Amino acid sequence: MICNEAALQRLEYPRLRTLLAGQTHSEPGYLQAEKLLPWSDQVVIEKALTEVDEAVSWLLDGQSPSLGGCWDLSPLLKSVQAEGSLIGVEDLLKIAQSLRVMEDCRLWFKSSTQTLLLSQLAAEMTALPELQRRLQDSIGSRGELLDSASFELADLRCQIRQSRSRIKQQLDQLLTGEHSSSLFQERLITIRNNRYVVPLKSDCRGQVKGFIQDESASGQTLYLEPSQVLEGNNRLQQLVREEQREERRILLQLAGLVRRDTAVLDKNQTLLGRIDLRFAAARLSRNYQGCRPELVDESIVELKQVRHPLLMEVEGRFDLATAVAVDILLKEGCQALVISGPNTGGKSVALKTLGLLLLMVRSGLHIPCDPDSRLHLYQHLYVDIGDEQSIEESLSTFSGHLLKLREILAQADAETLVLLDEAGTGTDPAEGAALVQAVLDQLCQQGAKILLTTHLGQLKHFADGHAAIENAAVEFDPETLVPTYRLRYGIPGASSALTTAKRLGLPAPVIQSAIQYLGAEEHDHGVLLSRLNIRQQDLDHELLLAKQSRIEADIAQQLRKRQLSQIKGKKQDILARATRQAEELITATEARMKKLRKRQPGSVAPQQAIADRQEFTVAREELIPFKPKPKSLGLVPEKLQVGEIIRIFALGIEAQVEKVHGENVELLVGGKRMRQPLKALEQFVPRRFVEPTNKSGQVSRTVIERQTSTQLKLIGQRVDEALSHLERFIDDALLHNLQQVEIIHGAGEGILRRAVREHLAGERGITAFYAAPADQGGENITIAELSGK
């Protein structure tokens, strides 16, 4: 084990186990918590911590298995091992209840879709349907043997009820009879010696035939078993004995089933107890806001914002405000930390906190710390805290500490953490400090990590001059001189005994006299250390404020960048929408003018028509700066081949290379030829080519025959783009002799609909066009009839 029982007691580990046990819901879980000890195997530790992580996650989701009502079956399972041994009905009820809880737990985890370690634990439980069914049929919720336990038992109990009913009926007739009712004390049927009797007056002895089973203390009443019910009572007693034999047979049978399944029951109970223990650890973690520290191979301790869990517990509840968070740091290269400062400042608490938290992590428990904390799992923990005095062994306080140091020096290695409280006390301060210095040197050479507290100035100076040892001081409020219980690293702390005495109310003359006895030099030294600590606190506070201001400034800068990016994005969207609307208006106006010219040929001079088209062109060119720039998707080609497929960057369409003329390329786009410069084109990666086919020994390009549809969808397209598609669509429809087509343009603001219908009005091959019927789309669709020629 990592440490001995005395160390566990010094660090109050048993009290922690009691708090953990109080969070369990089942007897097996409670017993496992009460017997919990730190583990030595790191794999087991990390697995336990992962299981607690999973339990915390379940609790955060408001879910947990119902584990209450499961009993510790170990004593029962041991008592039933002997052949022919019985288990009482009450104990069988405990087994039945535990089986139900185990099965519910197994099914609860089985219903989860997550593959977790706790789910795997529950999956290892073995169902015992036969035993569970037999116990359910045989044992009632109040701990009674049910009639359904066997057919024979049910039949016997039925006969017993019938016999009792007949006997009571006969006795009731006797008590209410016209000639016999006056012979009895009262109309009462009772039982004596397991036989039904009636209360006969003593002075009426002999007037009713039967047997006297008992009499009252006064002698005034005789409890008579009338001869009429003698046979009935005999029969009843026989049935009761048969019932008892049948009950014993059933209990023996049930005990045999339990004996057969003892190993499975014991395993299931252990698994359920472990699951309950993990959820108890999760509840405890949530109570003190614990987490899992990072476990590292380096021999370091970086526990940030840790609290002593037992200091937070007040009458069964946890209050974080009752314990101050501190940083306990033993970084790489630092072998020992010497904590000094005034009494009641929290030196011993820091020492105990580190020891207890190491034990907790090795027990698979979360610890109250910052999530960024890191900890090495030391294999050995040695603790020298408190008074080691023993009258029985003739040991003084100092002798007890020396024996503990001897044990530590004999065992310590690189996997050892040593906690020494008030090292060097109990003897002459100079000699005690010299001895501790030598012990620290030796432990550092052996590779151990040491945390010690002291008031000895010689040890503070030693730590200041040792490269592997660091000083730390307990912090106090410079205004009130009350300790804050935090640690300040890099400087030693003043013991401030006189200040503490003054704060605790010792008389002022006594304090002044003590200052005189101390001497000016020693007093000034203590004052200097106090001022140094105050100055360090001020600097740390200013550094903290500067870091906070830096963080706030970074956050504000990031916020401004996001807002600026959003504004730019909105600006681009608005410009793109306005440009699109302007293009649609220009196209619609151009189409309307073309339509008017066709209706009134010769009304506009050719020069005026040319001027109008130029004005439309100028208007479109003025919109170019406001259009969103297309995004490049490929590479600018350096070398092209005939038959290669490329992309025209500005138009966003694909084209086929026909000829290459230096820096210009002749392209085939939709059956039409156009010329573009190389820098306006994009080359696909990998390169794409038209697939060749062999016909009559010649190579020709593949011609893909398009099937003409009777519908054209223009929704979402710009007006100029839509009209280009519409023109090709009408040409194809006329080529294939279609009689009627549908143009789906949607409603929107009506711009695209008007442009489509104005274009159709100017097409010679269109004989008529109109909106579709309401049930077929209405104004969202325009139906055009073609001449078919």
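**Basis.** The model is predicted; local features need pLDDT of at least 70 and side-chain atom pairs 80 or more, while totals for chains, interfaces and linings use all residues. Residues are numbered from 1 along each chain as its sequence is written, and side-chain values use heavy atoms, without hydrogens and water.

**I275.** I listed its contacts (heavy atoms within 4.5 Å): leaving out residues up to four places away in sequence, I275 touches L67, C105, F109, L118, L121, A122 and M125.

**Helix α15.** I then turned to α15, residues 429-446; helices are DSSP runs of H or I of at least four residues, strands runs of E of at least two, both numbered from the N terminus. Its buried residues include G432, V436, L440 and L443, and the buried residues of α15 pack against β10, α14, β13, β14, α16 and β15. At its start, a side-chain oxygen of D428 comes within 3.1 Å of the backbone nitrogen of A430. Just after the helix, G447 has a positive phi of about 90°.

**Positive phi.** E12, not a glycine, has a positive phi of about 60° and lies in the loop between α1 and α2. I found E12 partly exposed, at 31% relative accessible area.

Methods. The expected span of a helix is 1.5 Å times one less than its number of residues. Buried means under 20% relative accessible area, exposed over 50%, partly exposed in between (1.4 Å probe, protein chains only). A polar contact is a pair of N or O atoms within 3.5 Å; within protein, one must be able to donate a hydrogen and the other to accept it, and residues adjacent in sequence count only if both atoms are side-chain atoms.
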